[in-house]
Amino acid sequence: MEPTDFDCVVVGGGHAGASAALAAVESGCVNVLIVEKAPNDWVGGNGYFTAGAFRTVHGGLPDLLSIVRNVTPEQAQKIDIEPYSIDEFVGDIMHLGDNKPDAVLVEAMVRNSRGAVEWLARVVDVPFMLSFHRQAYEVGGRQKFWGGVALSVQDGGKGLIKADMAALKKAGVNIWFETPAVRLIDECGEVTGVVVHKDGREVSLRASSIILACGGYEASAELRTKHLGAGWERARVRGTPFNTGDGIGMAQAVGAKLVGDWLGCHSTCWDANVFADAGDRKLSNQYTKSGYPLGIMVNIDGERFVDEGEDFRNYTYAKCGRAILSQPEGFAFQVWDANVTPFLRKEEYGDDVVEKIIASTIEGLADKMAEHGLRDKAKFLGTISEYNSAVSRHRLENPSLRWDPAVKDGLSTQSSTQSLAVPKSNWAVPMDTAPFLAVKVACGITFTFGGLAIGPDTAGVLSESGQPIPGLFCTGELVGNLYYSNYPGACGLTAGTVFGRKAGLGAAKRAGK
């Protein structure tokens, strides 16, 4: 007979849940269980589908070399990574969120970020590396990192989850797959367990602490429409199909406070030709299409609709999906010429990854794009002509500027003689060299921003009155008030680790360890 009494039960077996369980064991818990709604074939939650990138405070290259595994001393002499401070990290989140995120919660995450990745490297044995393939360009013979992120994991999210699972096995933490949590056990305002559905029946699990780490509601078309609005039923689910808001409902039933941006989510440019209701376990994050800062994006009427060069991709990609979804029929085209296509990442734009639309002339490209949904070829050709003219006029006034994808180079479409209604603020170069390339993209949703209120120091779930609910903790994408409207890339895995560690420590304290 399987045990039903535990020191701690974690609901959700992704990276955040694994971090919480491992921290609980490290802090003294003996009987720790993870219950996971998904089958074993879908292990890892959304973390599996990420690029494995971690945004963290650091002191520059020397600080990171101690935890990465892919840099030789010779290579290190040709790498430029600027330090990333607490103020910069906090500032990025607050700025992109229009100063609406909970500043205390944000600072708690940021201040603990460097310790979290160190813990992952030393305790969990996560194989960190410098992200040359995603976060650096070679400029003048040197690898120049940009956008505040340099750290990722070998084999991305797949490698991260592999390390998590190995660490859980070593720590003696069991995972019950295909075991969805049904409701929390509430006794006089204290959470004392969770009811799960296992092998066709309900089972009551008793524990001094329950840690919710089961994600948001992005995989529920019904809840997306309810909270995000009409049209969001058309969004492509980038990751697990099992994040359908279960944790929100269970927590709300015991009086938890809901906070954050319930109109917002992390959404990005996604391959328009892939399955809509779940991510792909093989190609996973390769369906992201983040090369738009190097080119332009147009809708099916041939019109640009975003400033592709507003900032580094890290600071704009999470809102681009919403912009695409709002366009006619909910898709768009990314377009480049031969001068910049060599800088597109092969893992996203390789011949075996994405359907490419290629032509030797812009007119020929328009004809081929029409076969894929472009409905106004003349408007598209006019957009290209107007864009090229604006780029050329800006260059005439700024002859000293040079294209550099590793910095915000100031090459734009705005000058004293011509300015576009939708500017391109950086990396604007003429689109005039064959062959020309286009890729069709849609909106891919990653996770939702609305969630539960937690204590910044404990990760304990708060009630409507703002008081901790004894026995209930939360981490991962279920935490609310961290992001509004937009999101600096690579925060999610970091936040899941930071608050997972806090939750695990809190669970151990409640178990008397």
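## Exercises on aromatic rings

The charged end of Lys-440 lies over the Phe-331 ring, 3.9 Å from its centre; a charge sits over a ring if NZ of Lys or CZ of Arg is within 6 Å of the ring centre and within 35 degrees of the ring normal. This is a predicted model, where local features need pLDDT of at least 70, side-chain atom pairs count only at pLDDT 80 or more, and totals for chains, interfaces and linings use all residues. Residues are numbered from 1 along each chain as its sequence is written, and side-chain values use heavy atoms, leaving out hydrogens and water.

**Exercise 1.** Find which ring the charged end of Lys-198 sits over.

Solution. Look at Trp-176: the charged end of Lys-198 is 4.8 Å from the centre of that ring.

**Exercise 2.** Classify the pair formed by Phe-54 and Phe-128.

Solution. Start with the rule: rings of Phe, Tyr and Trp (its six-membered ring) pair if their centres lie within 6.5 Å, with planes under 30 degrees apart counting as stacked, over 60 as edge-to-face and the rest as tilted. The whole structure holds 21 aromatic pairs. For Phe-54 and Phe-128, the centres are 5.4 Å apart and the planes at 85°, an edge-to-face pair.

**Exercise 3.** Decide whether Trp-146 and Phe-312 are stacked, and whether each is buried or exposed.

Solution. First, the ring centres are 5.4 Å apart with planes at 25°, so Trp-146 and Phe-312 are stacked. Next, Trp-146 is buried at 6% relative accessibility (buried means under 20% relative accessible area, exposed over 50%, partly exposed in between, with a 1.4 Å probe and protein chains only). Finally, Phe-312 is buried too, at 12%.
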